[in-house]
Every structure is written in structure tokens, then in C-alpha cells.
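Could we read through a structure together, one feature at a time? I would like the general idea behind each feature, and then the case at hand.

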Amino acid sequence: TESGSTLGVEAPRGRGGLRSAMAEPAAKRPKRDAVAALDEELPLHSADLEAAVRGAVASTQAIDVHTHLFPGQHGKLLLWGIDELLTYHYLVSEFFMVAPSDVTHDSFFALPKSGQADLVWKHLFLERSPISEAQLGVLTTLQKLGLQGELLRKDLVSIRQWFAKQDPLLHTDKVFKLAKLKYVIMTNIPFDATEAACWVKPDAKIDPAKQEFSDGDKVLTQTFCASRFKTALRIDPILKGDWGTIAGCLSARGLPETLDGARTFLRAWAKLYMCEYMMASTPADFVYGDSDAPRQEGWHTATTLINEVMVPVAEELSLPLALKLGAKRGMNPALDPCGGGDGVCIADVGPLEELCRRCPRVKFLATFLSRVNQHEVCVLAQKFRNLHIYGCWWYCNNPSMIDEITQMRVEMLGTAFTAQHSDSRVLDQLIYKWDHSRRVIANVLVKQYALLDAKGWPVTKRQVERDVHRLLGGSYEEFMARDLTGKTVPDVAPPPPAIEGVARMPRPSRFAMARNTLRFCAPGQLDCGCC
């Protein structure tokens, strides 16, 4: 009320105000927690309902289920800062649409990152209004980081100077808080020597008997916050049928160049990473089944590698398989130095359908790059309980596409999907990708809840928050915790003692439990909540 009372309880007046009220005996103070709980259970209507939806989407901590990010402890693999933002492949591709004819791809990529960034800034931000999604994303990021003054002056030099003063670990903490993220899942590639060198020494070998790396002194200690950065084992050569790459990696780790050696290789890396899932991006010509053929004479087919390597390891370790379908690699090789040469194609959904049918005990996560595939995969997700679709990937990560795809998914799947993942390669991109996505997701949900309200179905704040939590990562965690093995007594070790105030998700397998409890972690000096 105007006199300052709350629900009929008048606020104390005079010197001390609220502090005096807090000094009163508990029995005389209004039961504010009970009042708040009551408010959360009251049906909402019209403007109040819309405000609750937008507030929940804006404030709920999200899980970013697929990124290409790395922790600061992995050195140069962590990309961050204004020059990385400006030279991300979205913007480099846009730059070459308008670049002067004397700026060739070779001459551009021969420049240092700062020189490339200068050209992008000049031609996309100064000589044109930055109205594309990727351009607006840079502006949103800088604005959220508090660089409004530098933006007003269009002062790239000052923006660079600001980033140069930042500590990577402290900056990571700030970005996570601005993006309101619980954790991100990395992409970890054991077939890439540079990435593997962050985990083991180059000459580290795998013991076939133990199915793990044999020399403890050649396994590098990890000190990053594993509650914020979780791992995923990327296995593209399996789905490409690239036996040449696989065989080379087996030999380097002291394993026989056989299917059994390949299984041992995956087991060892999965145990080392303590990964959330295995994942791969399929090639444009991906085939699964009888029509598959080897890439080269004497090589195993992708179908053989899937059936005899990937699926057995997934079942054994209770590891889901995350598939990304619809990328056309190398569409323009001239843009490959920045990762921008890939395009989009309409994927065949049939292989995913066949995998879901053949492997009912394996959980599959999937996202498609082409807009054309989105309706078909929604129907597929309705039919197979071992399939979970997630995010608006890459070229679908634009507001108009996010709106259309999210609307369709809500209409067909309710809250049984994950609305978004960022696919970020540059740390700072988390800020704008989640900010822009949240706005679109909120718009979709406001319309859906208005329909509920119009039908006379009561909706409370608590219910809205529950639903939003699921769409921003809760459904992913529920799916990951689901037991599809058919066992009446899951093969799990006794759970650790309960920690007061910390909820624990059900864990369907011994290995899945290890992923959650045997985490490597640095001291929690950044208040990340992991220690």
C-alpha cells in the first residue's frame, strides 16, 4: 500500500525502518517466506503471467549442452576477446561478401588476427550499419561487458585495451555470470594431437589389458573447474568411416590397428575425460546400413565402425551418442583457415531413425543444421524414447529460425527437448547467443501460456519456472539420467554420503556415476560452487 504495508502488515516507521523490523522477535515478524511461497502457488493471468514467463526465461541458469570452448587452463585453445569475436567465421564470411577485390583470401589470412579484425571492423561496422545477427551479437556482448562508452565512440583501440587488461580465468567467471550458465559441455577430440596434448603427453600409451592409459606420470593433471566445463568425446572419424585417421591414432598409442583396438581407444579416452557423451558431426554423404561402402579399399565402413566400435562402447559405459547432422564440409575451401568454409545440406533422417530402432538401450541426442529437417526430426522424437533433440545449431541460430523451430517443438514435444545450445567457439559469444535466444524463447512461451490462460487452466509462477528449467537444460539432465538398460537393479556403486542442501540426480550406471563424482577441479576461488 501507499503507507508501505505488505499484505496488511504495516512497515515500521521512523529511524531504523526495515532494520528495526528485522530486529523484532521472529514471532512478531511477518512470515515473508510463507507469503512468497503462497505467491508462487497463486494462478497468474494476463500481464502477470507474461511477466513471470519473461522473468523465468531471463533468470534461469541454463546448461549449454554443446560448445567448442575450453577452460583457461588449456592455454591458447581458449579463444576470447574482441579480435577473436571479429574474426569468427560468421563475420569473416560476411566480410568477403563486401571486401575490396584486391583483398584475397590468402592475403587476409596472412595478416595477424588484429589486422584481420581491423578490416572486419572497418567494412562491416564503420562503412555499414552492423545489422546482421553476428554483427549485433558483437555489440550485445560489448554492451553487456560494460563497454557502452567505447561503443558510442566506435573505438576499437580502447576495446582492445580493455580486453588486454582482463585475466582469462576471472573473465571466464564474468562471462558465465552474464550468460547465466550452470555449465557448458566442451568438444574434446582425442584424434587431434594439439587437444590431446592438454590431457596426456605425446608419447603416452594405452594399456589394452586395463583399457586405460598405462603410465600415470604421462597423464596430465587437470585443474580446471569441471563443474563449469564438462567434457564430450568427439569421434567424427567413426561416422566418416575414416579408418586411416583411426589407425594412425591407435598406432601412436601402442594399440593394434583392429576393431578391438579402436574399442580400447574409445574406452581409455572416455575414462580419462569422464565425458558426458560421445558425439560426432556426420558427413554430408553419411550412409548407415547395407548400402554403405568403405572410403578406401581395405578400410572398414562407417556402418561397421558404428556397430562394432561405437555402439558397444556406448552400451558398456552407458554413454549417450550426440549426433549433429546436415553440415556440408569444405563448400568453399578458401574460407577453411577461419573454419568458415562449411555449408548446409538437407540430411537424411533415416540413419538416425535406424539407429534409434536398432539400439533401444542407447540414448541419442540430435540436432540438425537444415531448416528443412526440423519437422521430420520432431516427429521422430515423438516416436523414440531414446532420442532427445536439442538446440538451434549454427545456421539455425538466428532469431527468426529459433522462433520458428522453438514454436514447432513446443507444439509437438511440450517441454521434452532442450531449446538451445550456443555452439560457441569464442568464450564471449556465450553472452550474446544466450541473451538473444532467451528473448526469442520467452516470446514463444508467452504465446503458449496465454493459450493456457484462455482455456481456463491455472498456471502458477512455480509451474512456469519448472517448465523453463526443463527447456533450458533440465530436460537434458532428466534424459541423461534415464535408465534404458532394462535392468531391474542398476549396476551402480553405493552413492556417496548425502551433502546437506545438495540435490543428487539418479545415476543409471557405474561409469555415469563416476562422471559426476570423480571430477578433477581447481580450488573454488572464483566462487563457482564446485568445491
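Q: What should I know about the model and its numbering?
A: Residues are numbered from 1 along each chain as its sequence is written, and side-chain values use heavy atoms, with hydrogens and water left out. Because the model is predicted, local features need pLDDT of at least 70 and side-chain atom pairs count only at pLDDT 80 or more, while totals for chains, interfaces and linings use all residues.

Q: How many helices and strands does the protein chain have?
A: Helices (H or I, at least four residues) and strands (E, at least two) are DSSP runs, numbered from the N terminus. Here the protein chain has 22 helices and twelve strands.

Q: What share of the residues count as buried?
A: Buried means under 20% relative accessible area, exposed over 50%, and partly exposed in between, with a 1.4 Å probe and protein chains only. By that rule, 51% of the 531 residues of the protein chain count as buried.

Q: And what share of the contacts in the protein chain with a separation of 6 or more is between residues 24 or more positions apart?
A: Contact means heavy atoms within 4.5 Å. Of the contacts with a separation of 6 or more, 75% are between residues 24 or more positions apart.

Q: How do I read a pair of packed helices?
A: Two packed helices are described by the angle between their axes and the distance between the axes. The axes are lines fitted to C-alpha atoms, for helices over the stretch in contact, and angles run from 0 to 180 degrees between N-to-C directions. Take helix H5 (residues 89–98) and helix H8 (residues 133–144): their axes come within 9 Å and cross at roughly 130°.

Q: What is the handedness of the crossing of H5 and H8, and which residues meet?
A: A crossing is left-handed if the near helix is turned anticlockwise from the far one by less than a right angle, and right-handed if clockwise. The H5 and H8 crossing is left-handed. On the H5 side, Tyr90, Leu91 and Glu94 meet Ala134, Gln135 and Val138 of H8. By class, this contact of H5 with H8 has four nonpolar, one polar and one charged residues. Here Ala, Val, Leu, Ile, Met, Phe, Trp, Tyr, Cys and Pro count as nonpolar, Asp, Glu, Lys and Arg as charged, and the others, Gly among them, as polar.

Q: How does H5 sit against helix H7 (residues 113–126)?
A: The axes of H5 and H7 come within 10 Å and cross at roughly 65°, and the crossing is left-handed. Leu91, Glu94, Phe95 and Val98 of H5 make the contact with Leu119, Val120, His123 and Leu124 of H7. The residues of this contact divide into six nonpolar, one polar and one charged.

Q: Is His421 buried or exposed, and where does it lie?
A: His421 is in the loop between helix H19 (399–413) and helix H20 (429–454). His421 is buried, because its relative accessible area is 0%. Leaving out residues up to four places away in sequence, the residues His421 touches include Asp64, His66, Tyr390, Trp393 and Trp434.

Q: What about Asp342?
A: Asp342 has 15% relative accessibility, so Asp342 counts as buried. Its place is the loop between strand S9 (327–328) and strand S10 (343–344). Beyond its neighbours within four places in sequence, Asp342 contacts Lys328, Arg329, Gly330, Met331, Trp394 and Tyr395.

Q: How many disulfides does the structure hold?
A: A disulfide is a pair of cysteine sulfur atoms within 2.5 Å. The structure holds zero disulfides. Cys275 is buried, with a relative accessible area of 0%, and Cys378 counts as buried at 0%.

Q: How should I read a positive phi?
A: Most residues other than glycine have a negative phi, and most peptide bonds are trans. Ser46 has a positive phi near 50°; Ser46 lies in helix H3 (residues 46–59) and is exposed, with a relative accessible area of 58%. Lys180 has a positive phi near 55°, and its place is the loop between helix H11 (168–179) and strand S2 (181–185). Lys180 is partly exposed, at a relative accessible area of 33%.
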